[in-house]
Amino acid sequence: MNRRPGFDFHWLAAAACLVALCLAACTRLSTAFPSPVWTPPPSPFPSSTLSPLPPSPLPLFPSSTLLPSSPPLLAQTTAAPLPATETPPSAAPPLAASPKPLRFVYPTPGPAPVSAWRPPLYPVPWAPTLFDHFYLARPIAADQRNWPAADYRYGGVFFEDVVHTGVDIPAPSGTNVLAAGPGKVIWAGYGIYRGINDPTDPYGLAIVIRHDFGYQGSALFTVYGHLDRIDVLIGQHLEAGEVIGISGETGKTTGPHLHFEVRIGNNTYFATRNPELWIAPPQGWGILVGRVMDTGRQLVAGQLIVAADQNGDKWMARSYGDEAVNRDDYYQENLVIGDLPAGTYELSAAYAGVAHRLTIQIQPGMVTAFTFYGREGFVQEFPPLPGADFIPEALP
Ligand SMILES: [Zn+2]
């Protein structure tokens, strides 16, 4: 696959994601216990033995030893059992959790992030159709790398049972982290995962903002993890673009980056959406959204889709894992590749030993949708128009 000059971020990102996954797993487990102070659940899982490498699945836990010691793979954390309210997490919200063994698998290296330069972003809110909601600015300034790592997208599965519920934006420690939209700080500090002020919390120093606007009547939250420093206080109101802290590598991560999540309705790990459908794209660039199914028209996880432009540059993504991630209300996607320069692309996928292809146009500023039906291959189509019960939110 070809790559453009730029980042060699695989391991770092991978590491970050692993952490995230660990967190997610941990969160899920820990949330099963509605006690105000988290206590280790009497689970069937050994609590401190995480080794990141298959072939043998490792038990994941909310213990402080979530980090794989060997490969530089830790990802960041995504799981945050935070109360949807602004009350301190000491009153842990009762979360439904179905504890089950989580296992590590090796992240499969994907293509290198493409391009080191991008046009300015569309002004927010950017909503070219009734179904779009690019309401958020990016949490890193446009004069620096401010796009998600290609290898650790939302929905990627880096542990056997855990998917990545956010995106990872590589950023050297000390990079200003910005509020993605106006809102109020409802969390600032350690403990987003554990619910108590614990410096070993996998998210490290983290901030949660509840935005001034929501979506379809539900609250909208953004989460910023692994910070090196926090410059805001709980209760503080922010405007989009205000500096809220600086990036770092606190928590479970092997390298500095920003873990960024979008949550709808509830400030929990289970309420995330794909940030690539919420942050405005670069001007003249577009977003590819896919529903990747099997021949029986059931969404499938982990199917690799490759998008190649006319220069031969390639972007790759796998369809979402089965758990913890959520699809967009309209697009019902299980794969998104954001930040694609407008133009002609060839999509390809190998399914059941057969290569399938589709030529599509990515339109500037727009979402382009496709569906993949297993042995029947690709179809360029948008989801059916929603029924009368679909009520687009007014622009913020
Ligand atoms: Zn992450």
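In the predicted model, Gly286 stands opposite Leu340 of strand β15, and this position belongs to an antiparallel pairing in which five bridges join strand β12 (residues 285–293) to β15. Strands here, like helices, are DSSP runs numbered from the N terminus, with at least two residues (E) required for a strand and at least four (H or I) for a helix, and two strands are taken to pair if DSSP finds at least two bridges between them. Both strands are part of an open sheet of four strands with mixed pairing, arranged in the order β15-β12-β18-β19. Its edges are formed by β15 (335–341) and β19 (378–379), each of which pairs on one side only.

Residues are numbered from 1 along each chain as its sequence is written. The model being predicted, local features need pLDDT of at least 70 and side-chain atom pairs count only at pLDDT 80 or more, whereas totals for chains, interfaces and linings use all residues.

Strand β16 is in turn joined by nine bridges to strand β17 (residues 354–362), the two running antiparallel, with Gly343 standing opposite Ile362 in β17. The hairpin of β16 and β17 has two residues between its strands, and Ala352 in the turn shows a positive phi of about 50 degrees.

Leu347 lies in strand β16 and is classed as buried because 22 other C-beta atoms are found within 10 Å; the class requires 20 or more such atoms within 10 Å of the residue's own C-beta, while 12 or fewer make a residue exposed, values in between make it partly exposed, and C-beta atoms are placed from the backbone. Beyond residues up to four places away in sequence, Leu347 touches Ile305, Ala307, Arg357, Leu358, Ile360, Phe370 and Phe378, a contact being defined by C-beta atoms, placed from the backbone, that lie within 7 Å. For Leu347 and Leu358, which are 11 residues apart along the chain, the C-alpha atoms are separated by 5.1 Å.

Over the whole protein, one helix and 19 strands are assigned, and 54% of the 396 residues count as buried. Among contacts with a separation of 6 or more, 70% are between residues 24 or more positions apart.

Confidence is expressed as pLDDT, the predictor's confidence in each residue from 0 to 100; the average is 76, and 67% of the residues score at least 70. The value stays under 50 over residues 1–9, for which the model has 22 contacts beyond four places in sequence, and likewise over residues 11–109, for which there are 276 such contacts. Where pLDDT is low, the predicted coordinates should not be read in detail.

Technical notes:
Two residues are in contact if their C-beta atoms, placed from the backbone, lie within 7 Å.
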